[in-house]
Amino acid sequence: MNIRRSFYVMAALVALLSAGAGYWQLADSHAKLEAVEWVHDANRLADAAQQLSAGLAMERGITAAILANPADAQAAMLDEMRRARQSVDAYQKRLSVVADALTRRDIAHPVLSKLREMGPVRLQMAALRATVDARLTGADERLDAEGWIEQMTEHIGSLQDLAAISMQPLRDNRYTLASALAIKDVMFTLGEYAGRERAAIGVAVARGTPLSAYAWRALEDQRLIADRARARAEAILAHLPATPELVQARLRFEVEYLGRYEALRSQILASSLAGERYPVDAGQWYREATAGVDAILGVSSALSSQFEADIARLRSHAVNTQGMLILLFLAMAVLFGIAVQGVRHRVLLPLQALESAAATITRGDLSQPLPAQRSDELGRLGEAFENMRQALLEDKDRRERDTVALRKLYALIEQSATAMIVTDADGIIEYANTPFATITGYTREEAIGRKAGFWRSERTPAALYRQMWETALAGKVWEGEMINRRKNGELYWASMILSPVSDDNGRITHLISVQSDISERRLIEERLNFLFDL
């Protein structure tokens, strides 16, 4: 795998890893944001359920007091019952809107099945109210105060279950574990059992009769649960930030519920035990008790406001984090693209140009210069490569000139009238020209590889041969004449020059022998000498 392909593979792997990490971060941020939204909607649903529960408790209390003694029902109490019904209807609509928003976030959450289960409640409430109205007109005697309280308490219990179920976390989202707002459930319980006390005591006050043994046991059980819920609420509230709204709500709780409500309740219970006349009528008790229950709801409302503020901050942080992650991811993508392009233009393309130039040189084409390079490491490498190309081009030109010169020299040697041979330092023939074959009768193939002088005759003294070799091996040129023998046995006179060739260290590497056939000249000389002697 070449560098370019390796780089693209590594870049793709880095991009995939970065994209995976970015996707994981975005998914985690989205899960946090989804958790915040779920907590927000669950808190709203719990508030709506508690408000509806409080409204139902108010309707339960005032209606129970009226049903306890329908004949003496005051107009003010009947007006209060109608207002309570209107409040319940408004709270019911708000609960439906909040529940729809919550169920759209997770259709498989158990809160959806609970909402379906509570779907017929509005129809049941309408039928139950119609029965109450019939009871007040004397048209129907089936429903009494205790039966009314029991059915309303069942509806309120379903609302408490709905609020608790809504606090369950989303599937596969660990961040929604924070939605288990225990304080909300505790305040819900405290408000409900205070409302039950209000209804039960209101029935006894409306009838003007002492509490029955069953009613006493029910009140004791309700008081036990309410006290435990209050203790848990106070323990949790002690560790929450004391915001102005929460401080004011707790002060009202202490005055209205722990003070006036508890005092009036104690007076009524004491009167019941003594068999005395109750200190207030049903309407007064309902108003005073409602102020105490409203104080409980005020604390819950202050907590909801505080939770809403915390959730808003969490949502803002989650949204900002998600936005920053998206911007960071985009910035990383842009920087990665710039880096890839930079490496491509600064590294890969110059390497590709060098690779192309090397391939061109390999094919023997040295005429194409490299494009101009940047002044960086690869640019300097390209410059060195260009210098090498120019050096190779100059060397090629020089070798071509030398080849032309050698070709000319070879032609001269081959076409000359003298025989020429080249031997190594030991006298072994490495080259012989065409005139050598003409003079000696031996072909070039027959001569190459043999010891020079194999054509000599016995007419030349051996001392002359020794002198010739000693002179040449001493680095000097030897000139002389000798009688040699052609391949066909014919003798001929040869004029010979033996020149040594040395390397840069002065060591003799080759010997060059040049000989000419001077037989005709020697014959003329001998005839002239003979004529002069006569």
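Helices (H or I, at least four residues) and strands (E, at least two) are DSSP runs, numbered from the N terminus. The model on display is predicted, so local features need pLDDT of at least 70, side-chain atom pairs count only at pLDDT 80 or more, and totals for chains, interfaces and linings use all residues. Residues are numbered from 1 along each chain as its sequence is written, and side-chain values use heavy atoms, with hydrogens and water left out.

**First stop: helix α2 and its charged residues**

Select R83 and E80. These two residues form a salt bridge (a side-chain nitrogen of Lys or Arg within 4 Å of a carboxyl oxygen of Asp or Glu), and their closest N and O atoms are 2.7 Å apart. Both belong to helix α2 (residues 75-103), where a spacing of three residues separates them by about one helical turn. An α-helix has 3.6 residues a turn, so residues three or four places apart point the same way. R83 is partly exposed, at a relative accessible area of 45%; in this tour, buried means under 20% relative accessible area, exposed over 50%, and partly exposed in between (1.4 Å probe, protein chains only).

Next, select R85 and D133. Their salt bridge has its closest N and O atoms 3.1 Å apart. This pair links distant parts of the chain, with R85 in helix α2 and D133 in helix α4 (residues 121-137), 48 residues apart. R85 counts as buried, at 12% relative accessibility, whereas D133 is partly exposed, at 33%.

For another salt bridge, select R507 and D503, whose closest N and O atoms are 3.5 Å apart. Here R507 counts as exposed, at 53% relative accessibility, and D503 is partly exposed, at 26%. Elsewhere, salt bridges that share partners join E59, R85, D89, R129 and D133 into one network. The structure holds 21 salt bridges.

**Second stop: helix α4**

Select residues 121-137, which make up helix α4. Which residues of α4 are buried? They are V121, M125, L128, R129, T131, V132, A134 and R135. Just after α4, G138 takes a positive phi of about 85°.

Select E197, in helix α6 (residues 182-207). E197 is buried, with a relative accessible area of 0%. Not counting residues up to four places away in sequence, E197 touches G202, L219, Q222, R223, Y261, R265 and W285, contact meaning heavy atoms within 4.5 Å. The C-alpha atoms of E197 and R223 are separated by 8.0 Å, although the two residues are 26 apart along the chain. The side chains of E197 and R265 are joined by a polar contact of 3.2 Å. A polar contact is a pair of N or O atoms within 3.5 Å; within protein, one must be able to donate a hydrogen and the other to accept it, and residues adjacent in sequence count only if both atoms are side-chain atoms.

**Fourth stop: the aromatic rings**

Rings of Phe, Tyr and Trp (its six-membered ring) pair if their centres lie within 6.5 Å; planes under 30 degrees apart count as stacked, over 60 as edge-to-face and the rest as tilted. By this rule the count comes to six aromatic pairs. Select F253 and Y257, a stacked pair at 5.3 Å centre to centre, with 20° between the planes. Both lie in helix α8 (residues 244-274), four residues apart, about one turn of the helix. F253 and Y257 are both buried. Ring pairs link F253, Y257, Y261 and W285 into a cluster.

Now select R450 and F454: R450 lies over the face of the F454 ring, at 3.9 Å from the ring centre. The charged end of K451 likewise sits over the ring of W469, 5.4 Å from its centre. A charge sits over a ring if NZ of Lys or CZ of Arg is within 6 Å of the ring centre and within 35 degrees of the ring normal.

**Last stop: strand β5**

Finally, select S513, in strand β5 (residues 508-517). Is S513 buried or exposed? S513 counts as buried, at 3% relative accessibility. Leaving aside neighbours within four places in sequence, S513 is in contact with A419, M420, I421, M496, I497 and L498.
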